[in-house]
Amino acid sequence: MGLIDGFEAIVRENEPLAPYTRLRIGGVAEYFAEPTSVEELAALVQRFQQADRPVRLLGGGSNLLVREEGTPGLVVYLAAPAFCRLEVNGNSVLAGGGTRLSHFVSVAIGHGFTGVENLVGIPGTVGGALHGNAGNQHAGIGNWIEKATAITRKGDIVTREKSEMTFGYRESSLTELVIIDATFAFEIDDADQLTRRMQKLWIVKRAGQPATDERAAYVFKDQGGESAGRLIELAGLRGTRIGNVEIAAKDANFFVAGPSATSDDVLRLIDLVKTRVSDRLGIALEQTLVVW
Ligand SMILES: Cc1cc2nc3c(=O)[nH]c(=O)nc-3n(C[C@H](O)[C@H](O)[C@H](O)COP(=O)(O)OP(=O)(O)OC[C@H]3O[C@@H](n4cnc5c(N)ncnc54)[C@H](O)[C@@H]3O)c2cc1C
């Protein structure tokens, strides 16, 4: 039996990945799947696992650099309605892993769910946010989780309860291959006051990051109580450019890619920043950007 026999309707070969990422850089996925149900996805993962072929999960592509040579094996994209649900019930929200985080935030704010305003302006999906516990200095998305459903690397469907999960700064114990959905519980506040708080946070965030149409990446973790952007500035690197990729003037932890930027430009700039920050400040920067 061929690797994708029976899955032809949902799997494409040699799909360019650049349009799915915020940096809009990178080669093709050998196989690219948009499954329509959880069962179909689990069966596909099992097929690739049995053939010992790699499987990767693509969210909103906002924390991802794809190399020019592309990715072997399967890339899964959760765009079908089965993975993009958003259901509010009392003070709880069930969100699919493929649901846009911006949609999740605006619906939750509309219901007066307090705390979620800290996630405003963060691009990507709910699944991607849970994978890296996305947030700001006050809170991460893991703060409000109750339960999650996931698919393991073997293709088993599992449920994780709140007591089994831990979330830290830009990391989570939810490391399964696919976060299918998650349930969150919130305290309720006045929706108007919450909207005003969210608007203030959004104004500050928008002013400090590249515009939504810019090809950008947020590259390193903050370290020792100092923002990564500040550390890069202290190392004298603000505005530095390699090839067609530049360190942003607004916040040095953002790299901005020009029209003909390559993955090598980004990787070389990452190496330069790590080396210079280590040499000048004695600090080993840790990367948050995922590289495929
Ligand atoms: C302009 C800009 C501003 C940003 N601001 C912030 C910020 O304030 N705070 C912050 O924390 N981050 C920020 N980021 C980084 C990024 O937005 C977050 O890391 C985001 O949560 C990534 O989600 P994604 O869906 O785009 O994931 P992707 O980039 O697609 O993937 C990132 C990783 O998550 C995994 N993943 C994605 N979806 C799933 C899933 N359903 N199941 C399992 N694994 C999955 C992928 O396999 C990959 O390993 C910013 C990025 C940009 C470009």
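How far is an oxygen atom of the ligand from a polar backbone atom of Asn63? The distance is 2.7 Å in this predicted model.

Figure 1. An oxygen atom of the ligand lies 2.7 Å from a polar backbone atom of Asn63. At Gly59, a polar backbone atom is 2.8 Å from an oxygen atom of the ligand. Pro123 also takes part through its backbone, where a polar atom is 3.0 Å from a ligand oxygen. The ligand taken alone exposes 980 Å², and the protein buries 94% of that area.

**Figure 2. Residues and elements of the shell around the ligand.** There are 31 residues around the ligand, and those that come nearest are Leu57, Ser62, Asn63, Thr125 and Ile179. By type, the shell divides into 15 nonpolar, 12 polar and 4 charged residues. Two or more residues each are given to the shell by strand S3 (55-58), helix H3 (126-131), strand S12 (178-185) and strand S13 (216-218). Helix H3 provides the largest share, with 4 residues.

**Figure 3. Division of the protein into domains.** Three domains are assigned: domain 1 covers 11-80, domain 2 covers 84-195 + 202-206, and domain 3 covers 211-291. Taken over C-alpha atoms, the centres of domain 1 and domain 3 are separated by 26 Å.

**Figure 4. The interface of domain 1 with domain 3.** In this view, 10 residues of domain 1 are in contact with 19 residues of domain 3. About 1,300 Å² is buried between domain 1 and domain 3, and carbon and sulfur atoms give 54% of this area. On the domain 1 side, the residues that lose the most area to domain 3 are Arg22, Leu23 and Leu65. Together, Arg22, Leu23 and Leu65 account for 46% of what the domain 1 side buries.

**Figure 5. Backbone at Asn14 and Asp52.** Asn14 is not a glycine, yet its phi is positive, at about 55°. Asn14 is found in strand S1, which comprises residues 11-16. Asp52, also not a glycine, has a positive phi of about 60°. Asp52 is placed in the loop between helix H1 (38-50) and strand S3. Strand S3 (55-58) is also one of the elements that give two or more residues to the shell around the ligand.

Conventions: Residues numbered from 1 in each chain as written. Predicted model: local features only at pLDDT ≥ 70, side-chain atom pairs only at ≥ 80, totals over all residues. Heavy atoms only, no water. Near = heavy atom within 4 Å. Polar contact = N/O pair within 3.5 Å; in protein donor to acceptor, adjacent residues only side chain to side chain. Areas by Shrake-Rupley, 256 points an atom, 1.4 Å probe, with all protein chains shown as cover. Nonpolar A, V, L, I, M, F, W, Y, C, P; charged D, E, K, R; others polar. Domains from an automatic or database assignment. Contact = heavy atoms within 4.5 Å. Buried area = accessible area lost by both parts, 1.4 Å probe.
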